[in-house]
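Hi,

Here is the structure I said I would pass on. Have a look at it before you read the rest.

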Amino acid sequence: MSRRILIVEDETDLAQILAEYLQRDGFVATTIADGLVAMSELRRAPPDLLLLDLMLPGMDGISILRELRKTSELPVIMVTARSEEIDRLLGLELGADDYICKPYSPREVVARVKTVLRRTQAAAGATATVAGSVLEIDAEALQACVGGRKLELTPKEFRLLQVLAARPGRVFSRAQLLDALYADNLEVSERAIDSHLKNLRRKLAPAFPDEEPIRSIYGIGFAFEA
Ligand code: CA
């Protein structure tokens, strides 16, 4: 079945070219030029992937992403102009899967779309290849193995690894990780995440002697290496 890509972009010529490139590669591409229209379309019929421009009439890309992430994990690639560095970082903090800077080549966008789809689908299968090692996550047994060797993790460390590894490359803020780890996080400080992360990294280290599989992004959060 063809996968559906929604392009939210108010430069309609650009959107059209992108749609043609994607269609040529077998995707079904739809274009919307207005943020509010896009938001209601996302609720009505979520696509397989969203290409989201930052500056839009009606509702801007950051607000759309923020609203979307309250209920949906659908893959999102943000499209930004180079001068919008702050917004790019904000986009990552809010849970974008990747970003592309304007001006871009349509060919590059198609390649990125494929990469993000491959990544998110691999994660759904709960097996990922990280730095040449195969990471297997068994959600029912609450067990994780790297290269066939079982990791001795606490339930919180396991959950942390599960959340990060499910979306390689995506940056999670401390607050987002806290939400994922604690049902009621009113009593828990964001520093608790640091201590679970420290322990998780220590336990991952023997399996990844030359790599740090969990990357820190200063002032924003953490990401599992894609
Ligand atoms: Ca725009």
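Below is what turned up, starting with the metal site and moving on to the cores and the salt bridges. Keep in mind that this is a predicted model.

**The calcium site**

The calcium ion is held by D10 (OD), D53 (OD) and M55 (O), at distances of 2.1 to 2.3 Å. Along the chain, these donors are spaced as D-x42-D-x1-M. The two aspartates bring distant parts of the chain together: D10 sits in the loop between β1 (4–8) and α1 (12–24), while D53 belongs to strand β3 (residues 49–53), 43 residues apart. Are they buried or exposed? D53 counts as buried because its relative accessibility is 4%, under the 20% cut-off. D10, at 32%, is partly exposed.

**The nonpolar cores**

The largest nonpolar core has 26 residues, and the members that touch the most others are L161, L164, L177, L204 and I214. Two or more residues each come from β7 (133–138), β8 (143–146), α6 (155–166), α7 (174–181), α8 (191–204) and β11 (221–224). Helix α6 is the top contributor, with 6 residues.

**The salt bridges**

How many salt bridges are there? The count comes to 19, and here are some of them.

- K114 pairs with D25, with the closest N and O atoms 2.4 Å apart. K114 is in helix α5 (residues 106–124) and D25 is in the loop between α1 and β2 (28–32), so this bridge ties together parts 89 residues apart in sequence. K114 is partly exposed at 33%, and D25 is partly exposed at 38%.
- R112 meets D98 at 3.1 Å, N to O. This pair links helix α5 to strand β5 (residues 98–102), 14 residues apart. R112 is partly exposed at 24%, whereas D98 is buried at 16%.
- E212 bridges to R201, with 3.4 Å between the closest N and O atoms. E212 is in the loop between α8 and β10 (214–217) and R201 is in helix α8, 11 residues apart. E212 is partly exposed at 40%, as is R201 at 22%.

There is also a salt-bridge network that links R69, E73, D97, R167 and R170.

Cheers

Note on methods:
Residues numbered from 1 in each chain as written. Predicted model: local features only at pLDDT ≥ 70, side-chain atom pairs only at ≥ 80, totals over all residues. Heavy atoms only, no water. Donors = N, O, S within 2.8 Å, 3.2 Å for Na, K, Ca; no water. Helix = DSSP H or I, 4+ residues; strand = E, 2+ residues; numbered from the N terminus. Buried < 20%, exposed > 50% of the residue type's maximum accessible area, 1.4 Å probe, protein only. Core = buried A, V, L, I, M, F, W, Y, C linked by side-chain atoms within 4.5 Å. Salt bridge = Lys/Arg side-chain N within 4 Å of Asp/Glu carboxyl O.
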